[in-house]
Amino acid sequence: MHDETIERRSEVREVELGLGLIGIGRPWPTPDSAVCPVEQARVLLERAIELGIRFFDTAAAYGRSEAVLGEYLADLPSGRRDDLVIATKCGETWPAPEGYRPDHSLGALETSFERSRRLLGRVDLLQLHKCTVEDLRDARLLAWFDGLRASGEVGAVGVSVSSEEALRTALDVDVFDTVQFPANSANAGFAAAYGEAGRSHLPLLNRPMASGALAGAGNPFAFHTAAFRRAVVLTGTTRIGHLEANAAAFAAAKAAAVH
C-alpha cells in the first residue's frame, strides 16, 4: 500500500465497516427515491463517526454527495478530519443522457478530479469508476493515476469494477492500491476471484447485502469477515436506525469470525 493512512487502518482493523454515500447525493436505491435532506445527511455522517466508521466512499457520479460531504468535513477540526479516509471516484457523471457511456479520457478524468478536490478539500483515495479490462491495458491512463499519486495530490489510487474479469485484470496491475467490487453470499464469485494469497490491493466491498436481497437472511456480514482477512465493507444507507443495525451486525460477525 502506498497510502500510510489506509495501510495503517487496514492493519489495525483487519476487516472494517465503511459507509457508501450515494444516498446523500441522488435518488437511491430507486430512481424515484427522495434524495436524503442535507441536515439528515450531516446527522448520518456524525453518527457514523460515533460508531467508529472512518472510511467514506463517494463519487462524482453521486449527484451532490461530494458537496454535502465536503461541507461537513470543512466544519470538522483538522485532527478529526485527519482520522478519516475519504474516497471518491472519477470517470462517470450523473445524470447521464440516454446512450451515455463513462468518459475515461484523460481530459475528463482531470476535470472530474479537480472538481472533487475542490468540493472535498482533500482526496485520500481516487478511484476509476466502472473500470474495464480495456482501461487496465491503457498505458496512458495507468501513467496518469501513477503520476497523480506520486505527486502527492492524492494519497492512494484504485479502481471500481463490476465484472470478475476486470477484477482479475486489476489485481495484476501494480499501479493501484485498492480495488472495489461487489461481494456478498449471494454471489461469491468476486470473492473467489480476489482470493487471498499475495494480494497487495486493499479490497473495498460494495453491495454487501446484494442490494437488499439478503435483508433478514441471517447476518450478511458473516460472509465478509469469513472470506477476507482485511477489507473495507461498504454499507449504504441514509437512515440512522439502519446504520446502527448494520454496525451492530458487523460487530457481531467480526467477533464471531475465526481466521
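Helices (H or I, at least four residues) and strands (E, at least two) are DSSP runs, numbered here from the N terminus. The model is predicted, and local features are reported only at pLDDT of at least 70 and side-chain atom pairs only at pLDDT 80 or more, whereas totals for chains, interfaces and linings use all residues. Residues are numbered from 1 along each chain as its sequence is written, and side-chain values use heavy atoms, with hydrogens and water left out.

**Pockets**

- A pocket is, on a 1 Å grid over the protein atoms alone, an open set of points where a 1.4 Å probe fits, with protein on both sides within 12 Å along at least five of seven lines, and its lining residues have an atom within 4 Å of a point.
- The largest pocket holds about 1,100 Å³ of space, a volume being the space filled by probe spheres set on the points, which are joined across faces, edges and corners.
- Its lining comprises 39 residues, of which Ile22, Trp28, Asn206, Arg207 and Ser211 are the closest to the centre of the pocket.
- Strand E6 (178-182), strand E8 (231-236) and helix H10 (240-256) are the elements that give two or more residues to this lining, and E8 gives the most, with three residues.
- By class, the lining of the largest pocket divides into 15 nonpolar, 17 polar and seven charged residues, where Ala, Val, Leu, Ile, Met, Phe, Trp, Tyr, Cys and Pro count as nonpolar, Asp, Glu, Lys and Arg as charged, and the others, Gly among them, as polar.
- The second largest pocket holds about 210 Å³ of space, and its lining has four nonpolar, five polar and three charged residues, including Glu92, Trp94, Tyr100, Asp103 and Arg115.

- Phe181, leaving out residues up to four places away in sequence, touches Val161, Leu167, Phe190, Ala191, Tyr194, Pro203, Leu204, Leu205, Asn206 and Phe228, contact meaning heavy atoms within 4.5 Å.
- Ser65, found in helix H3 (residues 65-74), counts as buried at 0% relative accessibility, given that buried means under 20% relative accessible area, exposed over 50% and partly exposed in between (1.4 Å probe, protein chains only).
- Beyond its neighbours within four places in sequence, Ser65 is in contact with Leu21, Ile24, Gly25 and Thr58.

**Salt bridges**

- The structure holds 16 salt bridges, each a side-chain nitrogen of Lys or Arg within 4 Å of a carboxyl oxygen of Asp or Glu.
- Glu66 and Arg115 meet in a salt bridge at 3.2 Å, N to O, and this pair links distant parts of the chain, with Glu66 in helix H3 and Arg115 in helix H5 (residues 106-120), 49 residues apart.
- Glu66 is buried, at a relative accessible area of 0%, while Arg115 is partly exposed at 36%.
- Glu92 and Lys130 meet in a salt bridge at 3.0 Å, N to O; Glu92 lies in the loop between strand E3 (85-90) and H5 and Lys130 in the loop between strand E4 (125-128) and helix H6 (139-150), so the pair ties together parts 38 residues apart in sequence.
- Glu92 counts as buried at 14% relative accessibility, whereas Lys130 is partly exposed at 41%.
- Arg122 forms a salt bridge with Asp124, with the closest N and O atoms 3.0 Å apart, and salt bridges that share partners join Arg81, Asp82, Arg122 and Asp124 into one network.
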